[in-house]
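Here's a walk through a two-chain model, meant to be read with the viewer open.

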Amino acid sequence: MQSNRLGWLLLAPTLLILAMFGVFPFIYVLFVSFHQWNPFAVNPEMAFNWAANYRRVVFDAQFIASLGVTAAFVFFAVVSELILGYALAQAFMKDFPGKAFFRTIHTLPLIMAPIIVGSVWKLMTTPSIGIIPHLLDNWFGYDLNIGQSAGAAFVLTVIMDIWHWTPLVTLSLIAALVSLPPDPFEQAQIDGAGRWQIFWHITLPMIRPAILATVFIRLMDALRTVDEVLMLTGGGPGSATRYVGVHIFKEVFPRTNYGYGSAISVVVLYVTIVVCWLLYVGLIAPRNKKG
Amino acid sequence: MGFRSRLGVSALALAVASGAAFAQDDEFWKKAAEPYQGVTLRGVTEATPPSNYVREVLAPQFEELTGIRVDIETTSWDQMYDKAIKDMESGTGIYDMIYIEQDIVYAYLARDFLTNITQMLTDNPALKAPSFDEGAFTTFADYFKDDDGGLYGIPMEAFIKVYLYRTDLFGDPEVQAAFKEKTGRDLKPATTHAEYAEIAQFFTDWGKEHDEDLWGTTSQAHTGHPASWYEYVESIAPTFGVYNWGIDAANNYAATVEHGGRMNSPEAKEALKWFLAMRDLAPPESVQSTWTEVASTFAAGRAAQGIVYGENAAWIASDENQSRVVGNVGVALPPLEDGILAQVEGGEGYVGYYDGGAFGLPVTSKNKEAALLFLEYIGQDSVQADWALAGSRITNTATYDDPEVQALDEELGGYFTMLRDSGKLFAGAPPYPFHAQVREAVAPIFYEILTGAIEPDAGLDQMAERAEQELTDLGYRQ
């Protein structure tokens with residue numbers, strides 16, 4: 001009993017912080033999502049409107065479109081980060097001259113604030129002053145203008161995300177690879193297994209939990225991307241990069257559509273949970289069943 | 001007594017009197033600030049040259065004089081609104097001063113966010129500085145007054161969005177001859193849209209033919225930022241006779257022609273097509289340009305002419321560290337359709353955007369009295385001239401007469417003179433409390449027009465309908 005009370009006492013600060021910054025804000029957002037509330041309307045007070053905001057979300061073409069481009073963004077960004085991150089992790093597992101230096105340099109993007117990342121990429125991609133359009137024009141005669149080309153803007157936001165977040169994936173996978181026991185690999189080599197067979201049948205299954213955890217983190221992060229995209233493209237050209245995070249930001253802050261913006265946030269949270277659950281069911285649960 | 005002796009005696013008397021007046025002023029500030037020793041005032045504003053001057057010069061000066069510390073936070077335009085509105089909405093009282101851009105003041109007044117400075121000074125005569133006079137401001141201050149004349153913000157910057165052109169190019173005999181040969185008329189700043197377009201086409205062609213990085217015009221045509229929408233509704237549409245965004249507030253906030261509005265009128269459609277045509281003659285970065293990048297483009301010498309926010313005029317024309325066109329900048333009124341100038345001079349409409357802002361005192365401030373003293377301090381005539389030199393802004397009538405300001409005016413190609421003499425032809429944003437809400441509702445369609453995904457005519461029809469829908473949802477339109 002004594003130790004139980006001590007346990008709760010030690011947990012209390014964490015639970016308090018979790019409640020203050022996680023649970024209560026979520027409950028408040030949920031509460032607001034059932035209200036019509038725009039402080040700059042004729043009636044600036046909150047008015048309960050049942051599920052009208054949720055009904056509107058379902059038929060909101062702009063939101064559906066933003067969900068579509070977000071799905072594409074998340075897919076390309078997370079898959080690329082995973083492949084690149086794994087390749088880099090494997091490279092950093094080997095010894096080569098300057099390894100420590102390259103590993104440090106490679107993690108630098110991680111410590112940059114997203115808004116700075118967006119600013120830097122904006123500078124690098126602005127026609128006439130940016131290094132990227134300059135080089136593409138000189139080398140391939142390609143005229144890069146992300147203010148004009150929807151495709152180029154989309155690809156650039158994906159590349160920017162990859163540049164920013166691949167180091168996180170690399171670090172997670174290095175941690176997983178370092179912790180693998182050497183025995184199975186030695187046995188496989190003795191049995192004559194090739195590199196691909198070792199990767200597919202030993203490495204991948206053993207680091208699967210780490211991959212999944214990394215994918216979950218990146219998936220959730222990518223779904224709520226706002227700052228860097230807002231800085232780079234503003235969501236444009238047109239609505240080409242108006243990802244759900246940007247869409248919610250524009251609804252809630254400049255437009256002060258608090259009720260509807262909250263409803264979209266809740267729906268996006270639900271979508272995120274469902275996607276993560278599907279991934280879990282698809283990748284982890286069958287393995288656990290096999291026992 | 002000879003003339004020189006009399007002049008000397010007069011100067012001495014003036015110096016003694018001024019010295020006495022300054023001493024008297026200093027005494028007032030010290031005495032008035034006594035109850036607020038230890039107070040720290042916090043303000044939030046957009047990071048612009050005038051705001052930076054407040055943070056770096058006026059705030060330390062005030063602190064030295066009164067002992068009241070002033071922390072001014074300068075941040076981005078979006079962040080500034082976000083922070084100020086959240087603070088006032090939730091009543092936290094973090095900020096004692098907030099920047100109020102002219103276009104948001106109506107929303108703030110509708111929400112009772114701001115303190116009536118006139119009333120507060122009447123109620124607290126001990127806080128009224130002898131050197132502060134509400135009558136010293138230019139007419140721009142009227143935007144921050146209520147129907148009873150109560151002032152809700154101390155004007156701190158005021159600009160007009162002007163037509164800038166390169167005097168070195170317009171005055172070059174070779175260019176003039178080529179222009180005359182091509183168009184049959186003399187090269188001079190445009191007064192009509194047709195002339196402007198002709199000049200823009202000429203210089204874009206000239207840039208290509210001579211392999212120069214030169215285009216005919218600037219264009220604030222970002223495809224994902226409200227700056228492009230502002231360029232159209234505030235700077236282009238009025239020159240075609242479409243005012244107040246094409247919304248008729250007196251007619252149930254109608255926006256569509258069908259209901260009596262003008263957002264999708266033939267004039268609005270013509271204005272939009274002209275805007276798009278000029279965008280196509282502008283440097284390639286224009287589709288990613290907000291107001292800041294437009295100024296940079298002009299300062300880099302990449303455009304022969306452009307419609308540029310006045311807050312940038314000073315550094316473009318005079319700062320060699322930032323501008324390649326120093327000494328080569330001319331100022332003119334924006335090009336207009338026939339009959340618009342007469343219409344505006346007759347009191348109907350305006351020819352462009354009168355931009356600017358004020359420092360206001362949130363009702364949620366916990367240090368209202370001390371903040372009021374600071375606001376009076378920055379509103380005095382005596383601090384205005386240096387501020388004008390640093391930020392090309394004028395908010396007090398007397399500032400125009402300062403010799404140093406007049407010297408800068410010459411360097412700016414007469415920008416200050418235009419602000420004084422023709423400022424009345426320009427206007428701020430319409431008095432809508434739903435400014436950002438309607439903007440954000442229609443801007444996505446506008447961006448699609450810019451990318452070519454929607455035709456201009458159809459796009460304006462959609463924008464007008466969307467505006468009416470938003471106004472209905474907000475309860476303004478019945």
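What follows goes from the overall build of each chain down to single residues.

Keep in mind from the start that this is a predicted model. Let's begin with chain B, which carries 19 helices and seven strands. Its C-alpha atoms fill a box of roughly 65 × 65 × 40 Å along the principal axes. As for burial, 51% of the 478 residues of chain B count as buried. The contact pattern is worth a look too: take the contacts in chain B with a separation of 6 or more, and 72% of them are between residues 24 or more positions apart.Chain A has 13 helices and two strands. Its C-alpha trace spans about 75 × 75 × 35 Å along the principal axes. Of the 291 residues in chain A, buried ones make up 33%. For contacts in chain A between residues at least 6 apart in sequence, 70% join residues at least 24 apart.

Now for the interior. In soluble globular proteins, nonpolar side chains tend to be buried together. The largest nonpolar core here has 150 residues, and the members that touch the most others are B:F374, B:L375, B:I378 and B:A467. Which residues does B:I378 touch, once those up to four places away in sequence are set aside? They are B:V54, B:L58, B:I154, B:M156, B:F359 and B:V383. Another core lies apart from that one, with 43 residues, including A:V78, A:V158, A:Y243 and A:V244.

Next, some strand architecture in chain B. Strand β1 (residues 40-46) and strand β2 (residues 69-75) of chain B pair in the parallel sense, over seven bridges. If you want one bridge to click on, B:T45 has B:T74 in β2(B) as its partner.

At 1.5 Å a residue, the 26 residues of α12(A) should span 38 Å, and the end C-alpha atoms are 37 Å apart, so the helix agrees with expectation. Where along α12(A) do the buried residues fall? They are A:Y258, A:G259, A:Y260, A:G261, A:S262, A:A263, A:I264, A:S265, A:V267 and A:V268.

A few backbone details deserve a zoom. A:G236 and A:P237 are joined by a cis peptide bond, with omega about 0 degrees. A:P237 is in the loop between α10 (227-232) and α11 (244-252) of chain A. Then there's A:S128, which isn't a glycine but has a positive phi, near 85 degrees. A:S128 lies in the loop between α5 (114-125) and α6 (131-140) of chain A. Buried or partly exposed? A:S128 has 16 other C-beta atoms within 10 Å, so it is partly exposed.

B:N244 is placed in the loop between α9 (226-236) and α10 of chain B. With 20 other C-beta atoms within 10 Å, B:N244 is buried, because the cut-off for that class is 20 or more.

Move on to α10 (residues 266-279) of chain B itself, and you'll find B:F275 there. Why does B:F275 count as buried? It has 23 C-beta neighbours inside 10 Å, which is why. B:F275 touches B:Y232 and B:I236, leaving out residues up to four places away in sequence. B:F275 and B:S219 are 56 residues apart along the chain, with their C-alpha atoms separated by 8.1 Å.

One last stop is B:K83, in helix α3 (residues 77-90) of chain B. B:K83 has 16 C-beta neighbours inside 10 Å, so it counts as partly exposed. For B:K83 and B:T397, the gap is 314 residues in sequence and 32 Å in space, C-alpha to C-alpha.

Conventions
Residues numbered from 1 in each chain as written. Chains lettered and ligands numbered in written order. Predicted model: local features only at pLDDT ≥ 70, side-chain atom pairs only at ≥ 80, totals over all residues. Core = buried A, V, L, I, M, F, W, Y, C linked by C-beta atoms within 7 Å. Buried ≥ 20, exposed ≤ 12 C-beta atoms within 10 Å, placed from the backbone. Contact = placed C-beta atoms within 7 Å. Pairing = 2+ DSSP bridges. Helix = DSSP H or I, 4+ residues; strand = E, 2+ residues; numbered from the N terminus. Expected span 1.5 Å × (residues − 1).
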